[in-house]
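Hi everyone, thanks for coming.

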Amino acid sequence: MAPSPTTGATVRPCVPTLPSTARVADVNTAIDEVGAVIVADLVDPAVLDRLRSDLAPWVERTPAGSRSGDPEWELFHGRNTVRINGIAAKSTAFLDVCLDETVLGVADRRLIPEGGSTQISDTQLIAIGPGEPAQYLHRDQTGWPWFNGLLPDGPEITVIAMVAVTDCSDENGATRVVPYSHLRPDTDDLFDPANAVPAEMSAGSVLFFSGKTVHGGGANRTVDEWRCALHLSYLLGWLRPEEAHAFALPHPVAAALPRRAKELLGFAEYNPAPHGGGRLWLVDFEDPARVLESAHREPNPHL
Ligand SMILES: O=C(O)CCC(=O)C(=O)O
Ligand SMILES: [Fe+2]
């Protein structure tokens, strides 16, 4: 808590909210300062409706909880939380979201200076069910733990866009964020739930946060409301992503994607030119996008 400059009273920090007209640079300034920011009503309502209706049947038929058999993952994933991955294969609205000029612009602006190119790491609808306790607080960059040794400095390796598919409230499990945690090294008190504040937002709004920012899914204290949000994470182009998109997305569908989507989902080479490094992720020294396109020339019935 910080003393207010005007009243001297302690002020609880919160996640700031910007309007949908916010410029990419302003969104990134807020992430740099606080670690997280909400951009209100960013997703077009028609895109949100398509996303919601394409994914609703998946949420209905997928059992809650983790099927990994690993107690640590089961705790992390939540026993009454439904997680649906491979969203690019399940809704064409996903493309509108991941290529949105603000969403992708924020990721590019943070990641390209560090790695020359951006890719998508995971695409996961997270539906937190009634009665689910809060997820333990964590930093998403811990998936690549080598970088935690460099905290709080070190490069930005991952940035997350959490798209509110339903309203996200303190009551139904809005993501909880520890403001300014991206500027601090790991200490036990940093992960204390008392430091976390709810990132409340209406459906269609997007919470952006750095991979260094401490956060976690909130407790759902309702009796009948599901909190749904799409966890869309971007990653430096040369790191291994969380999801193996090349297995999740049928190749005829991938072949018809726009070039930028192919690059984001690992259906194209890593070639950060004019930045140094690359070319990586090749097939016989060839760009996989070209191999894929020549293998699937026929019109695609799925798109
Ligand atoms: O569901 C949420 O609000 C956050 C989930 C999360 O942080 C994660 O699964 O990494
Ligand atoms: Fe997380």
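I'll go through the sheets, then the metal site, then a loop and a cavity. One thing to keep in mind throughout is that this is a predicted model.

Seven strands make up an open sheet, in the order E3-E4-E11-E8-E13-E6-E5, and their pairing is mixed. At the edges you'll find strand E3 (17-18) and strand E5 (81-84), each of which pairs on one side only. E3 runs parallel to strand E4 (residues 36-39), and two bridges join them. If you want a spot to look for, find Thr17, which stands opposite Ile38 in E4.

Now, what packs on this sheet? That is helix H5 (residues 101-115), which touches strand E6 (118-128), E8, strand E11 (206-210) and strand E13 (227-236). The direction of H5 makes about 30° with that of E13.

Let me stay with E8 for a moment. How many of the seven residues of E8 are buried? Seven of the seven are, so E8 is largely enclosed by the rest of the structure. In a regular strand, side chains alternate between the two faces of the sheet. You can follow that here: Thr158, Ile160, Met162 and Ala164 point one way from E8, while Val159, Ala161 and Val163 point the other way.

Strand E9 (residues 176-177) and E12 are joined by two bridges and run antiparallel.

Which residues are the protein donors of the iron ion (ligand 2)? They are His138 (NE2), Asp140 (OD) and His215 (NE2), lying 2.1 Å from the iron ion. Along the sequence, these donor residues are spaced H-x1-D-x74-H. Asp140 sits in the loop between strand E7 (138-139) and strand E8 (158-164), and His215 is in strand E12 (residues 214-216), so the pair ties together parts that are 75 residues apart in sequence. Both are buried: Asp140 has a relative accessible area of 17%, and His215 has one of 4%.

Next, please find Ser117, in the loop between H5 and E6. At 17% relative accessibility, Ser117 counts as buried. Leaving aside neighbours within four places in sequence, Ser117 is in contact with Ile112, Leu235, Leu236, Gly237, Tyr270 and Pro272. Of these, Tyr270 is 153 residues away from Ser117 along the chain, and yet their C-alpha atoms are separated by 7.5 Å.

Last stop, the cavity. The count comes to one cavity of 30 Å³ or more, and the largest cavity has a volume of about 50 Å³. Its lining includes Gly86, Ile87, Thr123, Glu243, His245 and Leu265.

That's the tour, and I'm happy to go back to any part of it.

Conventions
Residues numbered from 1 in each chain as written. Chains lettered and ligands numbered in written order. Predicted model: local features only at pLDDT ≥ 70, side-chain atom pairs only at ≥ 80, totals over all residues. Heavy atoms only, no water. Donors = N, O, S within 2.8 Å, 3.2 Å for Na, K, Ca; no water. Helix = DSSP H or I, 4+ residues; strand = E, 2+ residues; numbered from the N terminus. Buried < 20%, exposed > 50% of the residue type's maximum accessible area, 1.4 Å probe, protein only. Pairing = 2+ DSSP bridges. Contact = heavy atoms within 4.5 Å. Axes fitted to C-alpha atoms, helices over the stretch in contact; angles between N-to-C directions. 1 Å grid on protein atoms, 1.4 Å probe; cavity = no way out; pocket = protein on both sides within 12 Å on 5 of 7 lines; lining within 4 Å. Points joined across faces, edges and corners; volume = space filled by probe spheres on them.
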